[in-house]
Amino acid sequence: MSEEAVRSSSLGPGILVKRMKSEDAAAIAEIWAEGVIQAADTAPFYFKQQVLQDFKKYRDEALTYDGDVGPQGVNLLEHWEEEGRVMFVAFPEDNPGKLIGCVGVQLGCDERIVDLESTIASIWKISVEKGERRRGVGKALMEKAESWAKEEHNCASLRLVTANTIAVTFFCETMGFVKELVDWTPWNDIKTGQIIGRSRRPLWYTKSLAAD
């Protein structure tokens with residue numbers, strides 16, 4: 001697989017996708033952190049408050065010196081250059097100095113641990129700058145991650161987890177993912193905090209990488 005891929009588009013300039021470098025870390029951290037909160041904003045109103053609280057905690061922990069992102073992304077390169085995982089970043093072809101998206105892909109389904117024996121690859125920390133969405137950036141990143149999993153590691157399937165209801169449409173309708181696991185998520189009364197119901201929510205989405 002080549003280091004860099006160019007995607008032509010009738011919507012505008014092509015997209016360059018390549019492995020992250022140390023100088024990309026701060027921009028990745030910023031785009032990802034913003035994307036976490038934007039994902040929480042897509043939650044249904046009846047448990048958005050809880051989702052937002054959980055996502056902020058997840059973001060803040062990742063951005064600490066002990067987190068996998070770190071302040072200004074200082075831990076990203078070490079984490080994503082480990083054997084069995086990689087992070088790709090996207091740039092506009094006409095402005096290769098402006099990072100506009102990122103995606104991490106690794107062997108195994110536990111974000112904390114790489115499983116070099118796994119035939120399943122998983123997607124993590126995918127995010128696209130808000131002003132660059134609907135231009136094919138996410139598709140270009142996902143295609144690169146899929147190619148890494150299939151061509152370099154002979155994976156049988158690709159998995160991801162998301163609570164972003166807008167992103168779900170993209171992953172299922174554009175990228176060919178299907179729902180896999182479902183759990184019953186509690187939602188709370190805004191004033192009392194008491195659980196007043198549960199919502200059925202898919203956790204994992206899977207795409208087969210087997211040859212047709």
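Guide: Two bridges join strand β7 (residues 178–179) to β10, and the two strands run antiparallel. This is a predicted model, in which local features need pLDDT of at least 70 and side-chain atom pairs count only at pLDDT 80 or more, while totals for chains, interfaces and linings use all residues. Residues are numbered from 1 along each chain as its sequence is written, and side-chain values use heavy atoms, with hydrogens and water left out.

Visitor: What makes β7 a strand, and what makes β7 and β10 a pair?

Guide: A strand is a DSSP run of E with at least two residues, and a helix is a run of H or I with at least four, numbered from the N terminus.

Visitor: Which other strand is joined to β10, and by how many bridges?

Guide: β6 is joined to β10 by five bridges, in the antiparallel sense. W204 of β10 is the bridge partner of V161.

Visitor: Why is β10 described as largely enclosed?

Guide: Buried means under 20% relative accessible area, exposed means over 50%, and partly exposed lies in between, with a 1.4 Å probe and protein chains only. Four of the five residues of β10 (residues 204–208) are buried, so the rest of the structure largely encloses the strand.

Visitor: How do you know that β4 is enclosed on both of its sides?

Guide: In a regular strand the side chains alternate between the two faces of the sheet. In β4, G101, V103, V105 and L107 point one way, C102, G104 and Q106 point the other way, and all are buried. Seven of the seven residues of β4 (residues 101–107) are buried, so the strand is largely enclosed by the rest of the structure.

Visitor: Which strands pair with β4?

Guide: Strand β3 (residues 85–92) is joined to β4 by six bridges and runs antiparallel to β4; V89 has C102 as its partner there. Strand β5 (residues 120–128) also pairs with β4 in the antiparallel sense, over six bridges, and W124 in β5 is the partner of G104.

Visitor: Why are α1 and α2 called roughly antiparallel?

Guide: Axes are lines fitted to C-alpha atoms, for helices over the stretch in contact, and angles run from 0 to 180 degrees between N-to-C directions. The axes of helix α1 (residues 25–40) and α2 come within 8 Å and cross at roughly 165 degrees. Angles under 35 degrees count as roughly parallel, over 145 as roughly antiparallel, 65 to 115 as roughly perpendicular, and the rest as oblique. The angle for α1 and α2 is over 145, so the pair is roughly antiparallel.

Visitor: Which residues of α1 and α2 make the contact?

Guide: Among them are W32, A33, V36 and I37 of α1, and V51, L52, F55 and R59 of α2. Contact means heavy atoms within 4.5 Å.

Visitor: Why do Q72 and N154 count as exposed?

Guide: Q72 has 58% relative accessibility and N154 has 64%, and both values are over 50%, so both residues are exposed. Q72 lies in the loop between α2 (48–62) and α3 (76–80), and N154 in the loop between α4 (137–152) and β6 (157–161). Phi is near 55 degrees in Q72 and near 55 degrees in N154, a positive value in a residue other than glycine.

Visitor: How many helices and strands does the protein chain have, and what share of its residues is buried?

Guide: The protein chain has five helices and ten strands, and buried residues make up 46% of its 212 residues.

How values were computed. Two strands pair if DSSP finds at least two bridges between them.
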